[in-house]
Amino acid sequence: MNAESDERTGASAADGDKSAQQQNTPDTPDTAAGDEGAPLGSRAPEFIKARRTLHLSWQVGVFVVGLAVVGAGIVMLPLPGPGWLVIFAGMAIWATEFVWAQLVLRWTKRKVTEAAQRALDPKVRRRNIILTSIGLVIVGVLLAIYLWKFGFVMPWKIDE
């Protein structure tokens, strides 16, 4: 009977520790659920956060650098280059200082993870493979019709 009571007390003490830990962790807007409780807000060094004008200057600098990177990514969208990757890099720069950017990045990560999980679903993969095969067959038939009708001639005339 003592062994049982010791096990019960041990279990209840462990449960009590867990509930005490949960009670000690503040549920403030500084943390967001689902992202391992990573704190939201500025990641500037403490000596910068301690001085208001220095912190404001730091935020302006981070904003300008992030804006430049996001702007470069937007320019890269129609031009050659990794446009979306650069845009997300600019958002990550902003997320070091601004809560709204941290929330946007968390939402984006969550949506990308959900899309990846859906894409790995066997039914969805089978459907995507079938649709891709049908699309390739259609493109092949159109290319064959073009070559049969016009031969191997490009539709533009470079000589003129």
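I take contact to mean heavy atoms within 4.5 Å. The model I am looking at is a predicted one.

**Overall layout**

I began with the secondary structure of the protein chain, which comes to 6 helices and 0 strands. Read from the N terminus on, the elements run α-α-α-α-α-α. I then looked up burial: of the 160 residues of the protein chain, 16% count as buried. The accessible surface of the chain is about 12800 Å². Carbon and sulfur atoms account for 67% of that surface. I also checked how far along the sequence the contacts reach. Among contacts between residues at least 6 apart in sequence, 41% join residues at least 24 apart.

**Helix α4 and its cover**

I compared the span of α4 with expectation. Helix α4 covers residues 83-95, and its 13 residues should span 18 Å at 1.5 Å a residue. The end C-alpha atoms of α4 are 18 Å apart, so the two values agree. Next I listed the buried residues of α4, which are Gly83, Val86, Ile87, Gly90, Met91, Trp94 and Ala95. What covers these buried residues of α4? I found that the cover includes α3 and α5, the latter being residues 99-119.

**Gly66 in α3**

I went to α3 for one of its glycines. Gly66 is found in helix α3, residues 52-76. Is Gly66 buried or exposed? Its relative accessible area is 0%, and buried means under 20%, so Gly66 is buried. Leaving out residues up to four places away in sequence, I found that Gly66 touches Gly90, Ile93 and Trp94. The C-alpha atoms of Gly66 and Ile93 are separated by 5.4 Å, although Gly66 and Ile93 lie 27 residues apart along the chain.

**His55 in α3**

I stayed in helix α3, where His55 is also found. His55 has 16% relative accessibility, which is under the 20% cut-off, so His55 counts as buried. Which side chain does the side chain of His55 meet in a polar contact? I found the side chain of Glu97, at 2.9 Å.

**The salt bridge in α5**

I searched the whole structure for salt bridges and found 1. The side chains of Glu114 and Lys111 meet in a salt bridge, at 3.8 Å from N to O. Glu114 and Lys111 are 3 residues apart in helix α5, so about one helical turn separates them. I looked up the exposure of both partners. Glu114 has a relative accessible area of 36% and is partly exposed. Lys111 is at 36% relative accessibility and likewise counts as partly exposed.

I repeated the span check on α6, residues 122-150. At 1.5 Å a residue, the 29 residues of α6 should span 42 Å. The end C-alpha atoms of α6 are 42 Å apart, which agrees. Just after α6, I noted that Gly151 takes a positive phi of about 75 degrees.

Which residues form a nonpolar patch on the surface? I found Ile130, Leu131, Ile134, Val137, Ile138, Val141, Leu142 and Ile145. Together these residues have about 740 Å² of accessible area. I picked out one of them, Ile130, which is found in helix α6. Ile130 has a relative accessible area of 47%, which lies between the 20% and 50% cut-offs, so Ile130 is partly exposed.

Terms used:
Residues are numbered from 1 along each chain as its sequence is written. This is a predicted model: local features need pLDDT of at least 70, side-chain atom pairs count only at pLDDT 80 or more; totals for chains, interfaces and linings use all residues. Side-chain values use heavy atoms; hydrogens and water are left out. Helices (H or I, at least four residues) and strands (E, at least two) are DSSP runs, numbered from the N terminus. The expected span of a helix is 1.5 Å times one less than its number of residues. Buried means under 20% relative accessible area, exposed over 50%, partly exposed in between (1.4 Å probe, protein chains only). Accessible areas come from the Shrake-Rupley method with a 1.4 Å probe; for residues, only the protein chains shown count as cover. A polar contact is a pair of N or O atoms within 3.5 Å; within protein, one must be able to donate a hydrogen and the other to accept it, and residues adjacent in sequence count only if both atoms are side-chain atoms. Patches are made of residues with over 30% relative accessible area and no salt bridge: like charges are joined within 9 Å, nonpolar side chains (Val, Leu, Ile, Met, Phe, Trp, Tyr) within 5 Å. A salt bridge is a side-chain nitrogen of Lys or Arg within 4 Å of a carboxyl oxygen of Asp or Glu.
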